[in-house]
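Walk through this model with the structure open beside the text. Follow each stop in turn.

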Amino acid sequence: MSDELRAAQAKLVASLLDDRVPDGFEAKGIHATAAVLRRKRRTRDRATERSRFVRVIDRLKEWWRSRG
Amino acid sequence: MRWVRIVTTSLSTLGLGIGWRPEIAHFIETRSDLGFVEVVAENVSAPYSVPPAVDALRERGIRVIPHGISLSLGSATPFDRTRMKRLATLARRLDAPLVSEHIAFVRGGGAEAGHLLPVPRTREQLDVLVTNIRAAQAMLDVPLAVENIAALFDWPSAEMDDATFLGELIDQTGAMLLLDLANVHANARNLPANGGLLLDQLPLDRIAYVHVAGGEERDGLYHDTHAHRTSPEVLELVEQLAARVDVPGLMLERDEHFPSDAELSDELLDIASARSRGAARRPAHVG
């Protein structure tokens, strides 16, 4: 695998996560993609929180049932 | 050769499909006109915890295709065999006719982008994709179809246009093509300089199935949201494609802002009608 390509891909991902425009790229599309990444991350974080909440509720239900 | 013939026969009967999502599971269950559904492989938490509703569809003879979103076939890092093994196991569990993934990368430098990113259209990148796709194919019992993605930006210094890149990839790997017409439309709007994917330049005989979806214009860019109704422009592409080739399978992707059952029915009807209009224009000797 090419080190140069690997480095270029890593640099692009890092730039998108920081909303920075790497050399040679067009700013408008990079900023728009960075915004999509932020939105998806928020959605994932909310889903993780929700599943954590569901697990707590499930444990409470189990505890309630175990009391007979 | 016999194996290839059987696979081709089963793919040619996929028909109309939709992306299976829990939010529309009941709607899908009530349809009698669906030939296949696609499940996002990463949303099935383990190969043996397939939603019962998906298994119920299989029992009715509806084909289920696992659709990967995190293999990162375009990554110039060592191929992730663990993810691939899970995908292959899921395909066996679902008795899938094929598996699909994207021509994209989703991680780099140890960081996850969480989104499908376009690859540079260079020889070097083509070699990386060919190597990874061959590695994936070697672990699968069924064909792999690769999908063109929608992008909001392009890499600088491309060495070839979109159609040439895709054609060479399909040629060198023998992979099938999951042609996303919504992505073709999005890229034609956002990145007109990269040549676009013109239907006549594509290996149409390698199409496994076709995606359509809706999107919206925001700040001068077209976003492939899967949250809006399929646009007339994308339906026109369906018609144009069906006028050229017998489309083996055609499916709607909807991921957010799910409409009412009646609206979703209407949209599926629009899609099927566009295919019928195109097929009626197709010369009798073609496909």
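Where is A:Trp63 placed? A:Trp63 sits in helix α2 of chain A. Keep in mind that this is a predicted model. A:Trp63 belongs to a nonpolar patch on the surface.

Now go to helix α1 of chain A, residues 3-18. The N-terminal end of α1(A) is capped by A:Ser2. A side-chain oxygen of A:Ser2 lies 3.3 Å from the backbone nitrogen of A:Glu4. After the helix comes A:Asp19, with a positive phi near 55°.

Which residues of α1(A) are buried? They are A:Leu5, A:Gln9, A:Ala10, A:Leu12, A:Val13, A:Ser15 and A:Leu16.

A:Asp3 forms a salt bridge with A:Arg6, and the closest N and O atoms are 3.4 Å apart. The two residues are three apart in helix α1 of chain A, so about one helical turn separates them. A:Asp3 counts as exposed because its relative accessibility is 56%, and the cut-off for exposed is over 50%. A:Arg6 has a relative accessible area of 30% and is therefore partly exposed.

The next step is from one pair to the others. Side chains of opposite charge can pair when their charged atoms come close. Over all chains, the count comes to 22 salt bridges. One of them joins B:Glu256 and A:Arg39, with the closest N and O atoms 3.5 Å apart. This pair crosses between chains. B:Glu256 lies in the loop between β12 (249-252) and α9 (261-281) of chain B, while A:Arg39 lies in helix α2 of chain A. Both ends are partly exposed: B:Glu256 has a relative accessible area of 31%, and A:Arg39 has 34%.

Stay in chain B for another pair. B:Arg121 forms a salt bridge with B:Asp154, the closest N and O atoms being 3.1 Å apart. The pair links distant parts of the chain, 33 residues apart. B:Arg121 is in the loop between β6 and α5, and B:Asp154 is in the loop between β7 and α6. Is B:Arg121 buried or exposed? Its relative accessible area is 7%, and buried means under 20%, so B:Arg121 is buried. B:Asp154, at 23% relative accessibility, counts as partly exposed. Elsewhere, salt bridges that share partners join B:Asp80, B:Arg83, B:Arg107 and B:Glu112 into one network.

B:Arg121 has a further contact. A polar atom of its side chain lies 2.9 Å from the backbone oxygen of B:Met160.

The loop between β7 and α6 of chain B also holds B:Ser157. Phi of B:Ser157 is positive, near 50°, and the residue is not glycine. At 62% relative accessibility, B:Ser157 counts as exposed. B:Asp95 likewise has a positive phi near 50° in a residue other than glycine. B:Asp95 is in the loop between α4 (81-93) and β4 (99-102) of chain B. With a relative accessible area of 52%, B:Asp95 is exposed.

Finish at helix α7 of chain B, residues 181-190. Why is this helix largely enclosed by the rest of the structure? Eight of its 10 residues are buried, so the rest of the structure largely encloses the helix. The buried residues are B:Leu181, B:Ala182, B:Asn183, B:Val184, B:His185, B:Ala186, B:Asn187 and B:Asn190. Their cover includes the strands β7 (144-147), β8 (176-180), β9 (207-212) and β11 (221-223) of chain B. It also includes the helices α6 (162-173) and α8 (232-244) of chain B. B:Asp180 caps the N-terminal end of α7(B). One of its side-chain oxygens lies 2.9 Å from the backbone nitrogen of B:Ala182.

Notes:
Residues numbered from 1 in each chain as written. Chains lettered and ligands numbered in written order. Predicted model: local features only at pLDDT ≥ 70, side-chain atom pairs only at ≥ 80, totals over all residues. Heavy atoms only, no water. Buried < 20%, exposed > 50% of the residue type's maximum accessible area, 1.4 Å probe, protein only. Helix = DSSP H or I, 4+ residues; strand = E, 2+ residues; numbered from the N terminus. Contact = heavy atoms within 4.5 Å. Polar contact = N/O pair within 3.5 Å; in protein donor to acceptor, adjacent residues only side chain to side chain. Expected span 1.5 Å × (residues − 1). Patch = residues over 30% accessible without salt bridge, like charges linked within 9 Å, V, L, I, M, F, W, Y side chains within 5 Å. Areas by Shrake-Rupley, 256 points an atom, 1.4 Å probe, with all protein chains shown as cover. Salt bridge = Lys/Arg side-chain N within 4 Å of Asp/Glu carboxyl O.
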